[in-house]
Amino acid sequence: MDKELKVREKLVYTGGLMGQNMIYNFMSTYIMFFFTDLLGITPGAATAIVVAASLWDAVNDPMMGAIADKTRSRWGKFRPYLLFGPVFIGITTVLCFTDFRLGTSAVAVAAICYVLWGMSYTVCDIPIWALSSVASKNPDEKNQLVTLGKIGGTVGTAIVTVCGIMLIKAFGTEREAGAYTGAALILAVIGGLLMILTSLVMRERIRPDKEAVPIRQNLRTITRNKPLKLLMISLLIVNLVNNLRQVTQMYFVVYVWGDSGQLINVGISLIIGMCLGMAVSPKLLARFEKRVVYMWACILGFISSSLPFFVAGDSILTALLFLGASFAFTGVTTVSSTSMLMDGIDYSEWKLGFRGEGLVFSMNTLLNKFSATLAKGILGLGLVLMHYVENQPVTATTQWGFSFMMYLVPGICFLISMIPLFFYKISKEEKDAISAMQKQKYQEF
């Protein structure tokens, strides 16, 4: 099958996901700390804000997916949203990290800003991922594009983890609200421009049906697709691994390692680990069944995540080595699960007669957001149980609690995420039928 993607498309798509994840991970890493330690919002109220926003996302994510699937324009189904959406993401990102000095009204304003940010992010997140499924008629190129997007996202995460604290300190200190505002503005501009460039350069080569699939029928992409349902349940849990670390790491390096600058070293371990895991994933997937690769990565991820809780002690180097290994296995689960997600879309087309990429990617986005919210909820519960107070003295309780959330809980999530995959199966006969369908369909173009 002919290759269609241009090198520039691959580069800008990778960059677009990098920019998007720079914004997302700055929000995930610092928003709870900003709410509790800079705005003075109680841990309980801060947790309530992110949970309430997640409940609204449970409504607007599938809505956005359905809207994207029904979109028909000369620019395509997904590109138009990437042209204007990043502007609103940038504005709401800065607002979330602004101290308006409103006293008791700070909670309400923070909640409004955070909800608006989530809605703006959804408008771009679903289209940018769904774009990978229509950018080429070549299945191998589609999988490659998804992998490049994941690599770009990982690089964006690493940039924020390594440089986020340095950027904040370039505008002030970790205890100054204005420093976060300045950092948010810089990241919002860079990330937004990269996403807009993706819209301008990418093409949609798989044409949608002239008539959009009704929303009720489109929902069958999920409800009548057993492999896809099981995979999504697993993704909800395994996404907790990195999400929990993102929301916990600022507290962890401050109260366990005693130095916020250690975020740089955590970021380096993430870069090395995730890139290594993603680099070896294609070779593993070419040799072994995707489900098997995913499950072995979860087993090894559990071991590397949990061990430092028991053996690292005061050795930061030992902890970083284990974290790097854990990030590597997260990289493997990321690539293998995304490839399985594309299989689920193809399975839907074969079994039901329509693909529903927008809905599938909207549900995937929803799962990641809900997982991130669960992570913030776990962190919030931990803060309440530890009787956390802003800038409090270090105690054995806070050190144990933040270590537990940084190491052991992610390890447990690796294990639990394997359970749905024991029931996941696409038979060889089904795979052959899907492959035959694809060959016949793409010969028509």
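A residue counts as buried when its relative accessible area is under 20%. The structure in these views is a predicted model.

**View 1. Tyr-114 and Trp-117 form an aromatic pair in helix H4.** Tyr-114 is buried, and Trp-117 is buried too. Their ring centres are 6.0 Å apart and their planes meet at 25°, so the pair is stacked. The two residues are 3 apart in helix H4, which puts about one helical turn between them. An α-helix has 3.6 residues a turn, so residues three or four places apart point the same way. Both residues also belong to a cluster linked by ring pairs, together with Tyr-24, Phe-35 and Tyr-121. A search of the whole structure gives 22 aromatic pairs.

**View 2. Helix H4 has a kink centred on Thr-122.** The kink amounts to about 25°. Helix H4 covers residues 106–130, and its 25 residues should span 36 Å at 1.5 Å a residue. The C-alpha atoms at its ends are 36 Å apart, in agreement with that expectation.

**View 3. Tyr-251 and Tyr-388 form an edge-to-face ring pair.** The centres of the rings lie 5.5 Å apart, and the planes are at 85°, so the pair counts as edge-to-face. Tyr-251 has a relative accessible area of 0% and is buried. Tyr-388, at 7%, is buried as well.

**View 4. Asp-37 and Arg-175 are joined by a salt bridge.** The N to O distance between the side chains is 2.6 Å. Asp-37 belongs to helix H1 (residues 7–38), and Arg-175 to the loop between helix H5 (139–171) and helix H6 (177–201). The pair thus links parts of the chain that are 138 residues apart. Asp-37 is buried, with a relative accessible area of 3%, whereas Arg-175 is partly exposed at 28%.

**View 5. Glu-289 and Arg-291 form a salt bridge.** The closest N and O atoms of this pair are 3.7 Å apart. Glu-289 is partly exposed, with a relative accessible area of 40%. The structure holds 2 salt bridges. Side chains of opposite charge can pair when their charged atoms come close.

**View 6. Arg-245 lies over the face of Phe-327.** Arg-245 is at 5.2 Å from the centre of the Phe-327 ring.

Notes: Residues numbered from 1 in each chain as written. Predicted model: local features only at pLDDT ≥ 70, side-chain atom pairs only at ≥ 80, totals over all residues. Heavy atoms only, no water. Helix = DSSP H or I, 4+ residues; strand = E, 2+ residues; numbered from the N terminus. Expected span 1.5 Å × (residues − 1). Bend = angle between axes of the 7 residues up to and from the residue. Salt bridge = Lys/Arg side-chain N within 4 Å of Asp/Glu carboxyl O. Buried < 20%, exposed > 50% of the residue type's maximum accessible area, 1.4 Å probe, protein only. Phe/Tyr/Trp six-rings, centres within 6.5 Å; stacked < 30°, edge-to-face > 60°. Lys NZ or Arg CZ within 6 Å of the ring centre and 35° of its normal.
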